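Subject: Structure for you to look at

Hello,

Here is the structure I promised. Please open it and keep it beside this email as you read.

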Amino acid sequence: MLKRESVLKDKGIQNHNGIEFEELPHVPKINLRGQSNNIDFMSSTETILDTPLPTEPNISHVAVNVKVIWMGPNEWLVEINNENKFKEIFSKLQSTLNPQNTAVTDLTENRTIIKISGHNLYILLAKFLFIDLDKVFQKETAVAQTLFVKVPVLIVRNHKDSEKPCIDIHANRSHSQYIYKILVDGSRNLVF
């Protein structure tokens, strides 16, 4: 069996010019596909996940054990906070949902998450993104699918309005080291 390895080699929390970086490498994740207008599908997933699937574009719903992120009208990314819960939820989704109309796929090792926080976080990200961060991330539940220097990423807001800005960048494992290095380099010349 292959050994699980962190893309950033488990560096822990790194602080660069007031911006903190941490890799969350093995967060269990499920890609869930189904019809949002199918009442049985929506009801079953809400029961299993303990939260409804978001149907509003670019938001997430958070429950005790999961975060459900809207990826498209019929697609969601489900993050689960521990391995045992992941196995239970994954199994229930597979056994409960109609496989003719749905898809349940384990994406745990497909993507890694880079958690970034700091008071000047949006200034740093603005160097590499073409979206208006203040507008896109107005809601506490906001997410954005965008390009980070030509690399597709998913960005998830993780802070309340009164807290220090904190986001997760979901990226393919093959791009994570590149993104991390660019962000660290960009943090070196932040102007306060």
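Below are the main findings, starting with the ground rules.

This is a predicted model, where local features need pLDDT of at least 70, side-chain atom pairs count only at pLDDT 80 or more, and totals for chains, interfaces and linings use all residues. Residues are numbered from 1 along each chain as its sequence is written, and side-chain values use heavy atoms, with hydrogens and water left out.

Start with the core. A nonpolar core is a set of buried Ala, Val, Leu, Ile, Met, Phe, Trp, Tyr and Cys residues joined through side-chain atoms within 4.5 Å. Buried means under 20% relative accessible area, with a 1.4 Å probe and protein chains only. The largest core has 29 residues, and I116 and L183 touch the most other members. Helix α5 gives the largest share, five residues. Helices (H or I, at least four residues) and strands (E, at least two) are DSSP runs, numbered from the N terminus.

Next, L183. Contact means heavy atoms within 4.5 Å. Beyond its neighbours within four places in sequence, L183 is in contact with residues including F21, I116 and F148.

Now α5 itself. It covers residues 173–187. Its buried residues include I179, L183 and G186.

Then T146. It sits in strand β9 (residues 143–148). T146 counts as buried because its relative accessible area is 15%.

Last, E79, in strand β6 (residues 75–80). Its side chain makes a polar contact with the side chain of H170, at 2.8 Å. Such a contact is a pair of N or O atoms within 3.5 Å; within protein, one must be able to donate a hydrogen and the other to accept it, and residues adjacent in sequence count only if both atoms are side-chain atoms.

Best wishes

Key
The expected span of a helix is 1.5 Å times one less than its number of residues. Buried means under 20% relative accessible area, exposed over 50%, partly exposed in between (1.4 Å probe, protein chains only).
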